[in-house]
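Biologist: Before I rely on the labels attached to this model, I would like to hear the criterion behind each. Please show it first.

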Amino acid sequence: MVAYPQSTPLGEISSSLYGPPLREVGTVGIGPCMDAALAGDKLYVIGPQRLWVCSVSDPQHPRVLGSLDNLGNNRQIVVRGDRVFVTAREDGLFIIDASDAAAPRLISHYNTIELATGLEVSGSIVYVACRHYGVELVDVRDPAQPRHLSTVRTGEAQSCVVRGCMLYVGVWGTREVVICDVGNPRLPTVVSHAPLGGYGDGLDVRGGHCFAATGHHHGTGRPSSNDDPRYGAGHGLEVLDVSDARQPKTVARVPFPPFYRLRVDMWDAQLSGEFVYVGDNHGGLFVIEVKDPAHPRVVAHHRLPYIEQRQDTAPIGGFAIGQGVVYAAGLWTDLHVLEAPMARPVAPQPGLAVQIPPATPPQRDGWSIYQPEGQVFAVTARDDYAFVACGVAGLHRVSLWPELKRLAVYPTEGFAVDAKQRGGLLYVAEGRGGLSIWRIGAGGELALQGRFTVPGRSVKQVVVPPGLALALIDVGANTLVILDVSDPAHPREVFHDQRLGLLYGYNITDGLFEGRYAACTWHVSGTHWFDLTGGPQPVFSGDVLPGPMHPTNGLAVMPDGVHGLLTEPHGQYTIITRGDRRPLGQLPHHGLAGHRLTGKPVVVGNTLYLTDRAEGHVTIVDLGEPKQPRLLDEFTIAGNPCLMAEHRGHALLPAGYDGLWVSREPVR
């Protein structure tokens, strides 16, 4: 047990408003953790890379029975019987057999479509809230071979619950609960949107009411200053009447003390008896009586300790409700055992048995489609064939002409999520398998040369600049690493950098500006340039184009090697140079009337390819006159299109679980 001081920079919590503080019994001694779930007399806890299984036969004194390491950047946990399901952000979904509590074992590791955040399990279907991509439905009838079913595009999904055939999603930036009909798991549909006063995340549903935890700022828009009364005032619990799922209505709102923290921002809500328990990260845990949902009242609270070295109050990740106790996961501290006399364990909702119809293969006139088992992330072509990064299905070599078909499969140590070739070598980003380097034989055969790994972290993208023995990789959530690959058998790190924000995917621009500068965009702090040839080692050049970047947009090098094309959220693009210091709003923007030009850009000659992975939208534009673009084609697919490539004038589209698409006719 560790004793922590209770001082806090957030100010005291009024007992008259929020009830008396819960008494902390102690901690478990496992260190920082993220979430917890209770099943019978077992408590399951996740932290960085690890799962612990504890006995709670004595509820106030959990005892560790066993653990499993080498998981991922864990976020949420759900337990069904002996099966444990864990989302792990960029590391996807883990399914674990915990029938032997002393030695839980990994059953499978599933490659989700984006950052696996929220989690629900109902029947034989897992629902994964994948941030900007919505909620992915995964068939786990065979837990050793999870299979993608569909995606419902809800906006920035954080957490989700299922009741019967209805899916309820806490949505972040648009501040709402989105309700979906998932009766046909191949074709889920959005039924309604219920606005929230703060940013959406955790929620629970019982009967005709939805209880949604909210945070950050209150109202619409973003406060312009700390003095704005909306600033940090979005924390609380909202009660919605969802008896008519098509017309949800707000019944009540309970505000919590205001504050704003950007790096740790998550909140959860769970029902137990006549109470809703809300974890409000730095704000602490609140217990709200909802016997009358229209008149909720806070009856107790608890705030985790102040951590001197961080100069802040420790945040709660998730929590589990036990018999007379709440187990609160302290992100910086430990698993805290809180005495809560009103607490009772919650039995999981029975899952509805739904029929899963057969899949319908994707098709579109003018395109040939190759569909492997995994999702297709990247393609790089030479001669009449291409190498295709196929996620969990590994690396494939396929013929492009005269027939699109499989030639060979090369198993990878992790998910194959990117592939680039340069100088007779193929570079493959393999997620937790790191970066692999292969020599390409005369007929396209591959021979593994070397590998670079970062223990416990995923490699999600690789860029190999022309003429340089360097490879740039995207590691973990927000780290740029530059490798010296002059010896392919022994790649070594020569530079790394982290900035404020995340690298959501393909945020390292492919190519160089002015023949020497690489660009990388963090979604909060903007685009940063790195000088690769100005000295003995790469360095940050000092050039920054500040401002947030929407995760679905990006930056491409123009053919002149000096200018870049940057897409922006309003559906237009701007042409920039490395030395631009003007705010984005002051730069000239170009677009097409009636069309939104969003997505990750690739420019080949006069052709602009845009792929919006979140919305499934593909746009092809003629840039012969950049200020007056001309639409060539646009369409939307069910899958998640990644960076487009072009080979011999044909478009090559990595389309996620919709496979690899190759245009039958040249685009230009």
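This is a predicted model: local features need pLDDT of at least 70, side-chain atom pairs count only at pLDDT 80 or more; totals for chains, interfaces and linings use all residues.

Biologist: What makes the meeting of Glu156 and Arg131 a salt bridge?

Modeller: The term requires a side-chain nitrogen of Lys or Arg within 4 Å of a carboxyl oxygen of Asp or Glu. For Glu156 and Arg131 the N to O distance is 2.5 Å, so the pair meets that definition. Glu156 is in the loop between strand E13 (147-152) and strand E14 (157-163), while Arg131 is in the loop between strand E11 (125-129) and strand E12 (135-139), 25 residues apart. Strands here are DSSP runs of at least two residues (E), numbered from the N terminus. The whole structure holds 29 salt bridges.

Biologist: Which labels do Arg451 and Glu413 receive, and why?

Modeller: Arg451 has 22% relative accessibility and therefore counts as partly exposed. Glu413 has 61%, so it counts as exposed. The two side chains form a salt bridge at 3.5 Å, N to O. Arg451 lies in strand E39 (residues 446-452) and Glu413 in the loop between strand E35 (405-410) and strand E36 (418-422), so parts 38 residues apart in sequence are tied together.

Biologist: What makes Arg80, Glu120, Arg163 and Asp204 one network?

Modeller: They are joined by salt bridges that share partners.

Biologist: Why is Gly118 called buried?

Modeller: Gly118 has a relative accessible area of 0%, so it is buried. It is placed in strand E10 (residues 118-122). Contact means heavy atoms within 4.5 Å; leaving aside neighbours within four places in sequence, Gly118 has contacts that include Gln76, Tyr127 and Gln158.

Biologist: How do you know that Gln421 makes polar contacts with Thr380 and Arg382?

Modeller: A polar contact is a pair of N or O atoms within 3.5 Å; within protein, one must be able to donate a hydrogen and the other to accept it, and residues adjacent in sequence count only if both atoms are side-chain atoms. The side chain of Gln421 makes such a contact with the side chain of Thr380 at 3.0 Å, and another with the side chain of Arg382, also at 3.0 Å. Gln421 is in strand E36, and its relative accessible area of 16% makes it buried.

Biologist: What makes strands E48 and E49 a pair?

Modeller: Two strands pair if DSSP finds at least two bridges between them. Strand E48 (residues 564-568) and strand E49 (residues 572-576) have 5 bridges, in the antiparallel sense. Gly564 stands opposite Ile576 in E49.

How values were computed: Residues are numbered from 1 along each chain as its sequence is written. Side-chain values use heavy atoms; hydrogens and water are left out. Helices (H or I, at least four residues) and strands (E, at least two) are DSSP runs, numbered from the N terminus. Buried means under 20% relative accessible area, exposed over 50%, partly exposed in between (1.4 Å probe, protein chains only).
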